[in-house]
Structures are given as C-alpha cells and as structure tokens.
There are 2 protein chains.
Amino acid sequence: MPSFVVNVMLKPEIHDPQGDAIASACHRLGFPQVASVRQGKRFVIEVSEPASEQRIAELAAELLANPVIEEFSVHPA
Amino acid sequence: MPSFVVNVMLKPEIHDPQGDAIASACHRLGFPQVASVRQGKRFVIEVSEPASEQRIAELAAELLANPVIEEFSVHPA
C-alpha cells in the first residue's frame, strides 16, 4: 500500500523545553558535543487508494499539526 | 552547525493505539482512504563539533529510544 510520512516540528521561533531537557541529559550522559535538540512527531500514513501529497497535507494541517505553533512536511515513504 | 535527524518508531509488531485513534479520526473527518497511521518521534540534533552517525546512534539507543519496543534510524539533516 502507498504510504506517506508527515513530519511535525515546532516552529523555529517556538521554545522547546522538552528538547532542552534532552540536550541537558545528553551532556550529563557523555555526549557534550550536542548543541541543541528539537523534538517533534513523525507519522507514517498508509492509504488504501492513491492519494496526492496535497490531500495528505490537508489531513496533516487539520489533524496532525497545530498550525499556530507547528510546521509540517509531507513526503512519500 | 552539522545536524542529524533521529526517527524513532514503535517496532512493527507493537500495537499502536495512538495511531489507531488518529486513523479513526481521519475516517470520521473525511479522509476514508487512510488505511493505517503509526505515530513516532522525530529528533533534530545539532552538534557543535563533527560527530559520526555511529556516535549519534549510540546516543539514540541510550537516550531517545526504548529498544525493547522501538526502533530508530539516524541520518544527516
């Protein structure tokens, strides 16, 4: 079945405390070269019939991302 | 600064109720062609000095993924 990947990340201007906490943990646990971490979501969507990236982007904008604070990208898996 | 992407997904044999809930919502909201959804995490890691993918994979295995139920991939951003 065809599938798509939707990546959802906080907009660059939005502070990401979760990512900051992970970066701190990296430093404590022996990975001092980590400068920053941003955490987002990744969705793998299987479709039962051919669908356009445009249609999947509509779905992402409506259901998977919060356009106020997040941005997303869609690509075939 | 160089950066890497780490994608973390549940192993295929692990049931994903969160993904199932999203798939149901897609059907209700006018996207009947969605057959399945799997939800995972995406991390963007900036490093202050060159690091190997191998080293980032060690970090991912230790800090970002639960190897019992999750699998991950690392690639340059």
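Predicted model: local features only at pLDDT ≥ 70, side-chain atom pairs only at ≥ 80, totals over all residues.
Residues are numbered from 1 along each chain as its sequence is written, chains are lettered from A and ligands numbered from 1 in the order in which they are written, and side-chain values use heavy atoms, with hydrogens and water left out.

Which residues of α2(A) are buried? They are Ile56(A), Leu59(A), Ala60(A) and Leu64(A), where buried means under 20% relative accessible area, exposed over 50% and partly exposed in between (1.4 Å probe, protein chains only). Looking down the axis of α2(A), these buried residues fall within an arc of 100 degrees, so they line one face of the helix; the arc is taken from the directions from the helix axis to the C-beta atoms. Gln54(A) and Glu62(A) are exposed on the face turned away from that buried side.

The cover over the buried residues of α2(A) draws on both chains: it includes β1 (3–10), β2 and β3 of chain A, plus α1 (17–28) and β2 (34–47) of chain B. Contact here means heavy atoms within 4.5 Å.

**The sheet**

Six strands make an open sheet with antiparallel pairing, in the order β3(A)-β1(A)-β2(A)-β2(B)-β1(B)-β3(B). Two strands count as paired if DSSP finds at least two bridges between them. At the edges stand β3 of chain A and β3 (70–76) of chain B, each with a single partner strand, so one side of each has no neighbour in the sheet. From one strand to the next, the twist averages 25 degrees.

β2(A) and β2(B) run antiparallel and are joined by 13 bridges. In this sheet, Gly40(A) stands opposite Arg42(B) in β2(B). Helix α1 (residues 17–28) of chain A packs on the sheet, touching β2 of chain A and β2 of chain B, with its direction at about 120 degrees to that of β2(A). α2(B) lies across β2 of chain A together with β1 (3–10), β2 and β3 of chain B, at about 150 degrees to β3(B). Axes are lines fitted to C-alpha atoms, for helices over the stretch in contact, and angles run from 0 to 180 degrees between N-to-C directions.

**Salt bridges**

A search of the whole structure turns up four salt bridges over all chains, each a side-chain nitrogen of Lys or Arg within 4 Å of a carboxyl oxygen of Asp or Glu. Among them are these:

| Pair | N to O distance |
|---|---|
| Lys41(A) and Glu70(A) | 3.6 Å |
| Glu58(A) and Arg55(A) | 2.6 Å |
| Arg55(B) and Glu58(B) | 2.6 Å |

Lys41(A) in strand β2 (residues 34–47) and Glu70(A) in strand β3 (residues 70–76) link distant parts of chain A, 29 residues apart. Lys41(A) is partly exposed at 27% relative accessible area, whereas Glu70(A) is buried at 13%.

Glu58(A) and Arg55(A) both belong to helix α2 (residues 53–64) of chain A, three residues apart, about one turn of the helix. Glu58(A) is partly exposed at 33%, and Arg55(A) is partly exposed at 26%.

In chain B, Arg55(B) and Glu58(B) are three residues apart in helix α2 (residues 53–64), about one helical turn. Arg55(B) is partly exposed at 29% and Glu58(B) is partly exposed at 34%.

Methods
Helix = DSSP H or I, 4+ residues; strand = E, 2+ residues; numbered from the N terminus.
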